[in-house]
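Subject: Structure handover and notes

Hello,

Here is the structure for you to take over. Please have it open while you read the notes below it.

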Amino acid sequence: MAAYDFTAPRLFVESDLAEGLVLPLERAQANYLLTVLRRSETDPVLLFNGRDGEWRAEIVPQGRKSADLRVVTRTRPQPAPPDLHYLFAPLKTGRLDYMAQKAVEMGAGLIRPVFTRFTQGERIKLDRLRANAVEAAEQCGILSIPEIAEPARLPACLDALSPDRLLVFCDEDAPVSDPVAALRAAADPAHPPPLAVLVGPEGGFHEEERALIAARPNTVALSLGPRILRADTAAVAVLTLVQAVLGDAR
């Protein structure tokens, strides 16, 4: 039997979830279920809130364009939230949406915009970041919504990291070598530390910023190979590497 049920639509809700509760649907959610998906009475819907696990609910129509959901039974318990910080220099809107979704899919537990010397734009809509995180979680069977942290300058972001958290720094000037070996040399895969990943802006890091990052203990500079990757592509590449060597995909 498949681990997840992808045949039923999944919705993130803010409400507590427990057997027998009846939850009114927001207008947009009701339109999605009743009009877009053409779901009808008693059709199953999966609900999660990031706290109480995943629950199966049934649609209770309340007219043509509104409905409630009756919570029936829990389908999955709530796992511990992932402890992986994803730190990134802001991108253009379309690519930022993609990056946020992929970071959630790859197991980020915290997403923080980082302002660097060469960051192209500093207008960040945190509500849009969260909306993309929720959408990715709904579509991919994820039960925890990552924390969307307030943007900060690079020095403040580095100071906020606990000393025991390994910072994986995607450095375009790092020697092109085996990234798997570099990660294994930085930490014991059998007992990996808490992790953070830092991806810079399209223009790369300033030399002073690179020196600041390198001076932080418990930091590994990582090359992603001989090709220049866009920042959103680098996000997928480095999170895949980190999860495969030191994370929950090993």
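Helices and strands here are DSSP runs, numbered from the N terminus: helices are H or I of at least four residues, strands E of at least two. Arg227, for example, lies in the loop between β12 (219-222) and α7. Please keep in mind that the model is predicted.

Helix α2 against α3

Helix α2 covers residues 93-105 and helix α3 covers residues 126-140; they pack with their axes 8 Å apart, at an angle of about 45°. That makes α2 oblique to α3. The crossing of α2 past α3 is right-handed. On the α2 side, the residues that meet α3 are Thr93, Leu96, Asp97, Ala100, Gln101, Val104 and Glu105. From α3, the contact takes in Arg128, Leu129, Asn132, Ala133, Glu135, Ala136, Ala137 and Cys140. Sorted by class, the contact of α2 with α3 has eight nonpolar residues, three polar and four charged.

Helix α3 itself

α3 has 15 residues, and its first and last C-alpha atoms are 21 Å apart, close to the 21 Å expected at 1.5 Å a residue. Which residues of α3 are buried? They are Leu129, Asn132, Ala133, Val134, Ala136 and Ala137. An α-helix has 3.6 residues a turn, so residues three or four places apart point the same way. The cover over the buried residues of α3 includes α2 and the strands β1 (10-12), β3 (44-48), β6 (84-88), β7 (110-115) and β8 (147-148). After α3 comes Gly141, with a positive phi near 75°.

Helix α2 against α7

α2 also packs with helix α7 (residues 231-245), at an angle of about 10° and with the axes 9 Å apart. That makes α2 roughly parallel to α7, as angles under 35 degrees count as roughly parallel. Arg95, Tyr98, Met99, Lys102 and Ala103 of α2 make this contact with Ala231, Asp232, Ala235, Val236 and Leu239 of α7. The residues in the contact of α2 with α7 divide into seven nonpolar and three charged, with no polar ones.

Single residues

His85 sits in strand β6. Why does His85 count as buried? Its relative accessible area is 17%, and buried means under 20%. Leaving aside neighbours within four places in sequence, His85 is in contact with Leu110, Leu161, Arg165, Leu195, Ala196 and Val197.

Arg227, in its loop between β12 and α7, is exposed, with a relative accessible area of 60%. From Arg227 to Arg130 there are 97 residues in sequence, and 31 Å in space, C-alpha to C-alpha.

Two residues have positive phi without being glycines:

- Thr42 has a phi of about 70° and is not a glycine. Thr42 is placed in the loop between α1 (27-36) and β3. Its relative accessible area is 46%, so Thr42 is partly exposed.
- Asn218 has a phi of about 60° and is likewise not a glycine. The loop that holds Asn218 runs between α6 (207-215) and β12. Asn218 counts as partly exposed, at 29% relative accessibility.

Regards

Terms used: Residues numbered from 1 in each chain as written. Predicted model: local features only at pLDDT ≥ 70, side-chain atom pairs only at ≥ 80, totals over all residues. Heavy atoms only, no water. Axes fitted to C-alpha atoms, helices over the stretch in contact; angles between N-to-C directions. Parallel < 35°, antiparallel > 145°, perpendicular 65-115°, else oblique. Left-handed = near helix turned anticlockwise from the far one by under 90°. Contact = heavy atoms within 4.5 Å. Nonpolar A, V, L, I, M, F, W, Y, C, P; charged D, E, K, R; others polar. Expected span 1.5 Å × (residues − 1). Buried < 20%, exposed > 50% of the residue type's maximum accessible area, 1.4 Å probe, protein only.
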